[in-house]
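These are my notebook entries on what I looked up in the structure. Each entry takes up one topic.

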Amino acid sequence: MPFDGVVAKAVADELNRNITGGRIYKVYQPEKDTLLLYIRSNNRNVKLLLSSNANTARLHMTEIEYENPASPPMFCMLLRKHLIGGTIVGIDFSNYERIIGLLIEADDELGDRSVKKLIIEIMGRHSNIILVNEGGKIIDAIKHVDQDVNRVREIMPARTYILPPAQDKTIPSRLDVEAFIGSIREDERPLSKILLSTVLGFSPVLCREICIRACVDPDMGPKYHSENNLQSLIETLKHSIDCWEKETYTPCVVLDSTGKAVDFHAVLLTQYGKTEPFTSISEAIDRFHKAREMKVQVRNK
């Protein structure tokens with residue numbers, strides 16, 4: 001499941017268009033690592049799912065119905081106290097990192113209006129959902145991380161929220177594509193692996209997709225490619241990044257030979273035989289996870 005930086009940007013862009021200005025009127029926690037925010041926005045009701053599950057961490061609008069516990073967990077109660085009645089005033093996202101923040105203007109403990117931030121970090125087993133006050137202090141998190149787990153970055157109430165360590169990669173929008181390809185001209189490593197280790201927000205499946213669209217072998221090093229092939233890669237990279245910067249995406253769900261959903265992305269994955277296109281990245285993610293959950297239910301019967 002490649003919820004990479006490009007998917008995260010597509011989600012953030014879509015949420016910015018759909019829920020900015022919306023009011024939160026319900027908060028549920030159907031599972032220990034999953035939240036549902038009910039939002040009234042643009043004269044319609046929107047259900048926003050945030051999951052910090054190690055295997056399925058994600059953020060998107062959803063139509064899937066979830067069963068809520070009779071007694072809400074403590075974190076859910078805290079979010080109700082701080083967020084219900086609050087207005088989403090913006091979506092915080094930058095640099096193709098898999099970290100998205102909802103900026104929510106709501107009453108604080110003294111009844112004054114302040115902007116809190118509900119942050120979801122989509123980082124595999126380190127995924128988390130964190131509520132931060134206007135001063136940057138952590139109010140609480142769905143998963144606590146103390147000094148015994150991480151001495152550098154504690155996720156605990158009253159601690160200052162700090163971002164995870166930055167990766168030593170280049171942000172797509174700042175990538176000088178021609179200079180980059182020129183610098184790796186004699187590299188023998190597979191092109192897909194070079195892209196993965198260089199460009200922030202790229203997943204293995206996206207790296208292969210870019211190579212395949214450029215009609216170059218992702219498993220061959222640039223040293224073994226012709227100048228025409230490398231020029232094609234330059235043009236494909238430039239076009240792809242330009243589309244994402246202009247918020248132009250082609251969401252899809254990958255289907256296996258029986259029609260079952262097995263993957264998704266914000267970019268049409270031409271490397272697979274069969275895909276189902278969507279106009280919304282949230283709809284694509286929802287379709288994928290609905291199929292995944294139905295499969296789990298059948299297996300558990």
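**Entry 1. Terms and basis.** I call a residue buried under 20% relative accessible area, exposed over 50%, and partly exposed in between, using a 1.4 Å probe and protein chains only. The model is predicted, so I note that local features need pLDDT of at least 70 and side-chain atom pairs count only at pLDDT 80 or more, whereas totals for chains, interfaces and linings use all residues. Residues are numbered from 1 along each chain as its sequence is written, and side-chain values use heavy atoms, with hydrogens and water left out.

**Entry 2. Confidence.** I looked up pLDDT, the predictor's confidence in each residue on a scale from 0 to 100. Its mean over the protein chain is 93, and 97% of the residues reach 70 or more. Over residues 296-301 the pLDDT stays under 50, and the model has zero contacts there beyond four places in sequence. I take contact to mean heavy atoms within 4.5 Å. Where pLDDT is low, the predicted coordinates should not be read in detail.

Entry 3. I assign helices (H or I, at least four residues) and strands (E, at least two) as DSSP runs, numbered from the N terminus. Asn42 is found in the loop between strand S2 (34-41) and strand S3 (44-51). Is Asn42 buried or exposed? Asn42 counts as exposed because its relative accessibility is 55%. Asn42 is not a glycine, yet its phi is positive, at about 50°.

**Entry 4. Helix H5 and Cys215.** I listed the buried residues of H5 as Val205, Leu206, Cys207, Glu209, Ile210 and Cys211. These buried residues pack against H1, H4, H6 and strand S11 (261-265). After H5 comes Cys215, with a positive phi near 60°. Cys215 lies in the loop between H5 and H6. I record Cys215 as exposed because its relative accessible area is 65%.

**Entry 5. Helix H6.** Helix H6 covers residues 227-245, which makes 19 residues. From first C-alpha to last it reaches 27 Å, close to the 27 Å expected at 1.5 Å a residue; the expected span is 1.5 Å times one less than the number of residues. Which residues of H6 are buried? They are Leu230, Leu233, Ile234, Thr236, Leu237, Ser240, Ile241, Cys243 and Trp244. Their cover includes helix H1 (5-19), helix H3 (177-183), helix H4 (191-198) and helix H5 (204-213). Just after H6, I found Glu247 with a positive phi of about 60°.

Entry 6. Ile91 lies in strand S5 (residues 87-92). I class Ile91 as buried because its relative accessible area is 16%. Leaving aside neighbours within four places in sequence, Ile91 is in contact with Ala12, Leu15, Asn16, Ile19, Thr20, Ile100, Gly101 and Leu102. Ser114 lies in strand S7 (residues 113-121), and I class Ser114 as buried because its relative accessibility is 8%. Not counting residues up to four places away in sequence, Ser114 touches Ile104, Glu105, Ala106, Asp108 and Glu134.

**Entry 7. Two loop residues.** Ser71 is found in the loop between strand S4 (58-61) and helix H2 (74-83). I record Ser71 as exposed because its relative accessible area is 57%. Ser71 and Gln29 are 42 residues apart along the chain, and their C-alpha atoms are separated by 9.9 Å. Gly124 lies in the loop between S7 and strand S8 (128-132). With a relative accessible area of 28%, Gly124 is partly exposed. Beyond four places in sequence, Gly124 is in contact with Asn53 and Ala54. The C-alpha atoms of Gly124 and Ser52, 72 residues apart along the chain, lie 8.1 Å from each other.

**Entry 8. The largest pocket.** I looked for pockets on a 1 Å grid over the protein atoms alone; a pocket is an open set of points where a 1.4 Å probe fits, with protein on both sides within 12 Å along at least five of seven lines, and lining residues have an atom within 4 Å of a point. The largest pocket has a volume of about 420 Å³, taken as the space filled by probe spheres set on the points, which are joined across faces, edges and corners. It is lined by 26 residues, and Phe3, Asp4, Arg98, Ile122 and Gln167 lie nearest its centre. I noted the lining as 15 nonpolar, seven polar and four charged residues. Here Ala, Val, Leu, Ile, Met, Phe, Trp, Tyr, Cys and Pro count as nonpolar, Asp, Glu, Lys and Arg as charged, and the others, Gly among them, as polar.
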